[in-house]
Amino acid sequence: MKRVIFVYPYAGLCNRMRVMVSAIALARETNSKLVFFWERREDLNASFCSLFEKIPYTVIDFHRNSIIQRLLFKLIGKVCNVIGDDYIREVCKPGYKDGLKNIDWFVKKASRLWFFLTFEQIYPSFDFSIFRIKESLIKRIPEIDSANTIGIHIRRTDNLKSVECSPTS
């Protein structure tokens, strides 16, 4: 039986994209089948197919707290090796930056079913070419009133050091 990697990326769009490209690289490196679970939740309430063109991997889309999610977690926990953020960071220490460079532990395990629940990069990859933005979104860009629009993206980790050292806390 071929190894199957189930991946449940979460958090914001860029985190999810980073997880997905790294999972694709890991699946290619280990000749594994790959399935993504895309949850619509408060930090990204958009389906994968509403943002991107179809990719050559299965993407199962669902809402947070749906029956699919509840069944998924019950089933996955019983039949898969579950790997989360803490485990990925621990395996990659020291100097975690770009995923599990040494995949011997993964390849040597007898388990054929793996479930990654993470916003961390799983395996080194920076090839985002698989993501093609939906044509319908591209067509809407000229409708944005750029003279009166400002875009700001603040990551939750951008200001950690200054918050940690802030004398006003």
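## Nonpolar cores

The largest nonpolar core of this predicted model comprises 31 residues, and V7, L34, F36, F116 and I122 have the most contacts inside it. A nonpolar core is a set of buried Ala, Val, Leu, Ile, Met, Phe, Trp, Tyr and Cys residues joined through side-chain atoms within 4.5 Å; buried means under 20% relative accessible area with a 1.4 Å probe, protein chains only. Two or more residues each come from strand 1 (4-9), helix 1 (13-30), strand 2 (33-40), helix 2 (48-51) and strand 5 (113-118). Helices (H or I, at least four residues) and strands (E, at least two) are DSSP runs numbered from the N terminus. Helix 1 gives the most to this core, with nine residues. Apart from it lies another core, of 10 residues, including F6, Y8, F62 and F115.

Residues are numbered from 1 along each chain as its sequence is written. Local features need pLDDT of at least 70 and side-chain atom pairs count only at pLDDT 80 or more, while totals for chains, interfaces and linings use all residues; side-chain values use heavy atoms, with hydrogens and water left out.

## Helix 1

Just after helix 1, N31 adopts a positive phi of about 50°.

Five strands form an open sheet in the order 3-2-1-5-4, with parallel pairing (two strands pair if DSSP finds at least two bridges between them). Strand 3 (58-63) and strand 4 (81-84) stand at the edges with a single partner strand each, so one side of each lacks a neighbour in the sheet. Strand 1 and strand 2 run parallel and are joined by four bridges; V4 stands opposite K33 in strand 2.

How values were computed: Buried means under 20% relative accessible area, exposed over 50%, partly exposed in between (1.4 Å probe, protein chains only).
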